[in-house]
Amino acid sequence: MIKQYETVFIATPVLSESQMKEAAAKYTTYLTERGAEIVSEENWGLKQLAYPINKKTTGFYYLIEFKADTQLIARLETQYRRDERIMRFLTFAMDKDAVAYAEKRRNKAKKEE
């Protein structure tokens with residue numbers, strides 16, 4: 001069954017900007033190669049963490065919004081767990097209200113540019 005998902009991961013702050021882009025590209029490529037449709041991507045950059053993770057107080061945040069089969073999520077999260085660059089991740093299925101809100105937020109961001 002195809003659903004729309006949003007996944008956010010926090011990468012270790014010791015990465016350079018190019019290494020962070022490489023990590024993000026790895027996951028978008030992983031998803032598209034397995035039939036997912038990327039709806040949106042956002043690099044939120046280096047941010048302060050609410051609490052230390054692995055003795056680090058900052059991390060690179062990256063969001064990917066995509067449509068995919070439900071079975072792909074478990075494999076994606078396994079990839080996150082295997083990647084030592086990823087400190088935390090969260091993937092959730094979006095309901096119709098979340099999809100509408102995300103679309104509204106994207107349109108607002110485009111108007112501000």
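Helix α1 covers residues 17–33, so 17 residues in all, and spans 24 Å from first to last C-alpha, close to the 24 Å expected at 1.5 Å a residue (the expected span is 1.5 Å times one less than the number of residues). This is a predicted model, in which local features need pLDDT of at least 70 and side-chain atom pairs pLDDT 80 or more, while totals for chains, interfaces and linings use all residues. Numbering runs from 1 along each chain as its sequence is written, and side-chain values use heavy atoms, without hydrogens or water. Helices (H or I, at least four residues) and strands (E, at least two) are DSSP runs numbered from the N terminus.

- Met20, Ala23, Ala24, Tyr27, Thr28, Tyr30 and Leu31 are buried (under 20% relative accessible area; exposed is over 50%, partly exposed in between, with a 1.4 Å probe and protein chains only).
- They sit on the same side of α1 because they cover an arc of only 155° around the axis, taken from the directions from the helix axis to the C-beta atoms.
- Turned away from that buried side are the exposed Ser18, Lys21, Glu22 and Glu33.
- The buried residues pack against β1 (2–11), β2 (37–53), β3 (56–69), α2 (71–82) and β4 (86–93), with contact meaning heavy atoms within 4.5 Å.

**The sheet**
- Four strands form an open sheet in the order β2-β3-β1-β4, with antiparallel pairing (strands pair if DSSP finds at least two bridges between them).
- β2 and β4 are at the edges with a single partner strand each, so one side of each lacks a neighbour in the sheet.
- β1 and β4 share seven bridges, and glutamate 6 has phenylalanine 92 in β4 as its bridge partner.
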